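Hi there,

Here is the structure I promised to pass on to you. Have a look at it first, and my notes follow just below.

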Amino acid sequence: MDYKNSGVDIEAGYRSVELMKKHVQETMRKEVLTGLGGFSGAFSLEAIKNMEKPTLVSGTDGVGTKVKLAFVLDKHDTIGIDCVAMCVNDIACAGGEPLFFLDYIACGKNYPEKIASIVKGVAEGCKQSSAALIGGETAEHPGLMEEDEYDLAGFAVGVVDEKDIITGANLKADDVLIGMASTGVHSNGFSLVRKVFNVDKATLETYHEELGTTLGEALLAPTRIYVKALKSIKDAGVVVKACSHITGGGFYENVPRMLPEGKRAVIEKDSYKIPPIFGMLQREGNIEEHMMYNTFNMGLGMVLAVDPADVDKTMDAIKAAGDTPYVVGKIVDGEKGVELC
């Protein structure tokens, strides 16, 4: 009896590392002091010494049951982007710059090419957010997970000068809410998605005119990363007063998190274009509107508040970063919460 006969293939692990090295290397920053394969990753903080009060910000998350669709379609090269996005968008939402990322892949069996494909997506997400992929772990769990299944999670660390942390404390009535377009469902609500649609291969590979693509392609579209857009806004000299990453819980849970007591967000539902995947979900699942906005991002992945005088500069900065902005509402005095009208 040996370790391989028990279900853990060490040689496959070595092969996975070799295959992923080229993808990891593409994410490197000058601050990275260690190579892939060590016991830890080292990252120099020399570059942030000029900040008045450098403050570390962190985020950790996974992809959830969206991985089920990747299993069915045997497509694993974008799910890693989702994992990175869920972490770095939270950091950017606080005003931080992501510095580095680590991933954790738990699998029933280590198929090196599949693992490398997953890490390729992780590396792409890191490149989109300018974060270095400085380490990770792939763990085989025979007997705990099916051989063709895996789960993916990650952890990111960023930095922000304390004076630049976005807290919402300075929000005022009539501050303007700007939303940035999502790429679709992103990485939240997939337990409901899988109740609405049969997630078999035939269903996911069916083309739908209203989507302009197959159902699977629409649902697997990777989560948008907003790091560059928020940096572009900052570089334009705009102070973002409050920011909300629209993830699990949709508008009703996430928007209030950026508000201080006594301030209310009013969002106009017809102020932006809702991607057709949400209309299909609501229709096919017979889901009430409130539940849609309480579960999904409904086409806005990030909502931020700025002074009315900064709206044009903010819109231009977002566009310059390649994202699509919409003026979606405003801040009013009142009970803390969000009102959709």
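Predicted model: local features only at pLDDT ≥ 70, side-chain atom pairs only at ≥ 80, totals over all residues.

For residues 172–337 the end C-alpha atoms are 14 Å apart, with 34% helix and 22% strand.

The domain assignment draws its bounds at 3–164 for domain 1 and 175–340 for domain 2. Taken over C-alpha atoms, the centres of domain 1 and domain 2 are separated by 25 Å. On the domain 1 side 28 residues take part in the contact, and on the domain 2 side 29 residues do. Interface size is often quoted as the accessible area that is lost when the parts come together. Here, domain 1 and domain 2 bury about 2400 Å² between them, and 69% of that is on carbon and sulfur atoms.

Now to the rings. I searched the whole structure and found 5 aromatic pairs. One of them joins Phe 71 and Tyr 150 in an edge-to-face arrangement, at 4.9 Å centre to centre and with 75° between the planes. Phe 71 belongs to helix H2 (residues 67–73) and Tyr 150 to strand S4 (residues 150–161), so this pair ties together parts that are 79 residues apart in sequence. Both Phe 71 and Tyr 150 are buried. There is also a charge over a ring: the charged end of Lys 109 sits over Tyr 111, 5.8 Å from the ring centre.

Finally, a few words on Phe 100, which is part of strand S2 (residues 97–107). Is Phe 100 buried or exposed? Its relative accessible area is 15%, so Phe 100 counts as buried, the cut-off being under 20%. Leaving aside residues up to four places away in sequence, Phe 100 touches Phe 43, Ala 131, Ala 132, Ile 134, Phe 155, Ala 156 and Val 157. Of these neighbours, Ala 131 is 31 residues from Phe 100 along the chain, while their C-alpha atoms are separated by 4.7 Å.

Best wishes

Definitions and conventions: Residues numbered from 1 in each chain as written. Heavy atoms only, no water. Phe/Tyr/Trp six-rings, centres within 6.5 Å; stacked < 30°, edge-to-face > 60°. Helix = DSSP H or I, 4+ residues; strand = E, 2+ residues; numbered from the N terminus. Buried < 20%, exposed > 50% of the residue type's maximum accessible area, 1.4 Å probe, protein only. Lys NZ or Arg CZ within 6 Å of the ring centre and 35° of its normal. Domains from an automatic or database assignment. Contact = heavy atoms within 4.5 Å. Buried area = accessible area lost by both parts, 1.4 Å probe.
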